Amino acid sequence: MATLSLHMVHLQVSLWRQAQRWRHGSFSCQFRHAVRLQASYRGLEAMHDDGYGTVKDLDYYYHALGELVEYDSGPPRWFCPVDAGSSVEDAPLMLYLPGVDGMGMGLCMHHKALGRIFELRCMHIPFHDRTPFEELVTMVEDVVRAEHSISPNKPIYLLGNSFGGCLALAIAARHPRINLILVLVNPATSYERSDIKTLLSVFSPLSDRACIAITALLNYNIDNEVNMALSRMKSGKHPLEALSRLTNNLSSSLKHSNILDKLPEDTLRWKMNLIKRAASYANCRVQSVTAEVLLLASGTDRLLPSKSEADRLQKKLPKCKVFFFENHGHSLLLEHGVHVSSIIKCAGLYRHSSRYHRVFDYIPPSTTELKDVDKASNDLTFRTSPAMFSTMEDGTVVRGLAGVPDDGPVLLVGNHMLLGIELISLAVEFMRQKKAVVRGIAHPLLFPNKARTWSEGHDFFDFLILWGGVPMTYKYIYELLAAGEFVLLYPGGYREALHCKGEEHRIFWPDRTEFVRMAAQFNATIVPFGVVGEDDLLNLLCTFDDIRSAPFGKEIMRAYSNHLKLRDADHEVIFPGVYLKIPGRFYYRFGEPIPTKGRQDVLTDRHAAARLYTHVKSEVEGIISYLLEKREEDKYRKLFPRLLYKAARGANTEVPAFDP
């Protein structure tokens with residue numbers, strides 16, 4: 001369940017980690033990262049198991065508490081969860097600071113996910129312990145100082161839950177020069193404005209243990225438990241199994257009520273005084289916090305006004321991002337659908353050094369993140385039923401991605417459809433069929449610094465980050481190819497993604513040969529590809545001439561282009577407007593790989609580079625023509641034949657396409 005360690009063991013652990021770094025060498029040098037193959041991502045493979053698919057329930061949580069309480073004694077200490085497993089190479093440290101219960105098991109549903117990417121340690125405060133808040137601050141400070149002295153450039157993460165959020169803010173305020181990143185979950189800084197005191201006064205005739213039990217029941221959002229049961233039924237679980245889990249979760253606190261018998265009589269009064277002192281201490285010093293903060297706030301917290309508190313703290317903390325969970329209660333970390341590791345990655349806060357680097361700090365998608373993207377793109381996939389083909393070295397066209405090289409560096413070069421709607425299907429299929437992460441090069445506007453996010457699921461911007469997208473700079477392309485990655489490049493860029501009526505399936509490539517030169521420099525294999533089908537999904541309303549000739553049309557296009565911060569003023573763009581039609585199908589074909597190994601002439605001779613560039617461009621144009629012609633032979637191009645085929649053979653059956 002968990003391995004307990006005494007308070008002073010952190011010093012021994014720190015010395016061990018220092019010896020390990022000396023033995024294996026320092027990893028702070030970015031050059032070392034650049035020359036190693038990034039395909040292993042610090043030892044973590046794509047589609048790794050993050051544990052959320054087999055997540056524990058509340059019964060496990062209470063059972064763990066029972067085991068801790070049964071044999072619990074001594075001072076506050078740290079423990080390393082056994083079920084967290086081994087972390088990635090050179091993982092940063094994360095300290096979990098628990099809620100006012102102090103047990104440290106509130107993160108049990110996230111042990112494996114966070115334990116894969118962090119060195120995870122959890123604080124444990126025994127029920128019988130009466131250590132003052134200031135001494136708890138000192139205990140955490142000792143670890144923070146020791147770790148900082150070993151790796152001054154590596155961040156230290158403090159994940160503070162409720163009371164632990166006050167503790168994390170106190171540490172950050174006292175150490176503004178240490179590289180700290182705070183993840184605060186419903187911080188108890190709003191204690192004085194909460195209904196806890198009123199609630200406890202109402203139940204004052206009852207015993208302390210009864211009050212604690214009632215408070216525990218209010219921690220959870222019953223609606224979320226019901227939604228989890230429905231979600232499990234939709235995913236194919238038997239209704240009785242989903243119902244059993246629901247009733248087990250709802251009754252778990254009552255089933256393990258024997259834990260309360262082991263609590264000292266003054267526990268409730270002590271805990272309330274402790275949280276009051278923590279909130280006061282943190283609020284007096286919050287203005288001194290300069291660390292980056294990720295704040296997770298529940299919209300239906302019945303114990304604390306967490307939503308309004310998030311608004312207040314964001315105004316006071318200069319580097320604060322807020323993630324709202326509208327339908328979740330106070331015990332957010334114990335509820336269904338909360339994936340803390342994904343949220344940290346999407347916020348751009350996972351790093352191994354003082355500054356975040358999109359190439360060197362990247363962690364590939366997990367199985368849960370792949371499922372989340374599947375869920376978000378399910379409607380588009382259903383409508384378009386993407387058919388993918390590739391070309392073998394002998395020129396044979398086959399269904400699937402067998403013709404695409406298995407090892408990088410690989411540079412995929414092709415055409416955009418409107419708004420890049422082909423991108424998600426392409427990236428997901430590479431993940432499924434080749435377990436390869438396709439690192440897309442995208443316009444910088446697609447990487448907004450989102451200060452506030454809501455928990456309806458991942459949006460397109462999150463998808464770009466989870467799949468390792470980077471803003472369009474030659475520096476990033478250079479680093480990705482040097483790291484042996486699969487790189488996705490659209491030379492037509494925004495001009496293709498925002499084309500107008502009459503420009504479907506045309507490419508708009510600039511006369512720049514830089515990408516073939518970089519490919520040759522790293523012996524990368526160039527794979528040209530084409531995709532068609534947007535005209536089977538939607539109709540575009542306007543041509544550029546229609547927009548220019550409209551009243552204020554030129555001014556609108558110029559303002560739109562300026563909003564996108566486009567560098568090329570000769571090609572102003574605008575969204576042309578669309579309406580949906582009965583959907584057809586998307587077709588992809590990846591052409592015959594073009595090796596650049598040994599092509600030193602491309603590096604030294606601009607004419608050779610231009611010839612290779614022209615060859616790649618003509619290959620893409622030829623593939624587009626091929627797909628437009630061959631799709632006429634596909635009897636499943638329209639939606640209704642595909643529906644009939646799946647109805648007869650199963651919803652997950654791959655629908656045939658044309659004979660290549």
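The legends below describe close-up views of a predicted model.

Local features are taken where pLDDT is at least 70 and side-chain atom pairs where pLDDT is 80 or more, while totals for chains, interfaces and linings use all residues. Residues are numbered from 1 along each chain as its sequence is written, and side-chain values use heavy atoms, with hydrogens and water left out.

**View 1. Overview of the protein.** The protein has 25 helices and 20 strands. Helices (H or I, at least four residues) and strands (E, at least two) are DSSP runs, numbered from the N terminus. Of its 660 residues, 55% count as buried; buried means under 20% relative accessible area, exposed over 50%, and partly exposed in between, with a 1.4 Å probe and protein chains only. Among contacts between residues at least 6 apart in sequence, 83% join residues at least 24 apart. Contact here means heavy atoms within 4.5 Å.

View 2. A nonpolar core is a set of buried Ala, Val, Leu, Ile, Met, Phe, Trp, Tyr and Cys residues joined through side-chain atoms within 4.5 Å. The largest one has 53 residues, and those touching the most other members are Phe 133, Val 140, Val 144, Leu 158, Leu 180, Leu 182 and Val 289. Helix 6 (residues 163-174) gives the largest share of this core, nine residues. Leaving aside neighbours within four places in sequence, Val 289 is in contact with Leu 169, Ala 172, Ala 173, Leu 182, Leu 317 and Pro 318. A second, separate core of 46 residues includes Leu 44, Phe 79, Cys 122 and Phe 325.

**View 3. Packing of helix 6 on helix 11.** Two packed helices are described by the angle between their axes and the distance between the axes. Axes are lines fitted to C-alpha atoms, for helices over the stretch in contact, and angles run from 0 to 180 degrees between N-to-C directions. Helix 6 and helix 11 (residues 267-285) pack at about 35 degrees, with axes 9 Å apart. Their crossing is left-handed, a term used if the near helix is turned anticlockwise from the far one by less than a right angle (right-handed if clockwise). From helix 6, Phe 163, Cys 166, Leu 169, Ala 170, Ala 173 and Arg 174 meet Leu 274, Ile 275, Ala 278, Ala 279, Tyr 281, Ala 282 and Arg 285 of helix 11. These contact residues divide into 11 nonpolar, no polar and two charged. Ala, Val, Leu, Ile, Met, Phe, Trp, Tyr, Cys and Pro count as nonpolar, Asp, Glu, Lys and Arg as charged, and the others, Gly among them, as polar.

**View 4. Packing of helix 14 on helix 16.** The axes of helix 14 (residues 367-376) and helix 16 (residues 423-434) come within 11 Å and cross at roughly 145 degrees. The crossing is left-handed. Leu 370, Val 373 and Asp 374 of helix 14 make the contact with Ile 424, Val 428, Met 431 and Arg 432 of helix 16. By class, the contact residues are five nonpolar, no polar and two charged.

View 5. Two strands pair if DSSP finds at least two bridges between them. Strand 11 (residues 410-413) runs parallel to strand 16 and is joined to it by four bridges, with Leu 411 partnered by Ile 526. Strand 20 (residues 594-595) pairs with strand 16 in the antiparallel sense over two bridges, and here the partner of Ile 526 is Ile 594. Strand 19 (residues 587-590) is also antiparallel to strand 16, over four bridges, and its Phe 590 stands opposite Phe 529.

**View 6. Helix 20 and its cover.** In helix 20 (residues 514-521), the buried residues are Phe 515, Val 516, Met 518, Ala 519 and Ala 520. Their cover includes strand 11, helix 18 (474-482), strand 15 (486-489), strand 16, helix 23 (600-604) and helix 24 (606-630). Just after helix 20, Asn 523 takes a positive phi of about 55 degrees.

**View 7. Surroundings of Cys 346.** Cys 346 lies in helix 13 (residues 340-346) and counts as buried, at 11% relative accessibility. Not counting residues up to four places away in sequence, Cys 346 touches His 458, Asp 462, Ile 465 and Leu 466.
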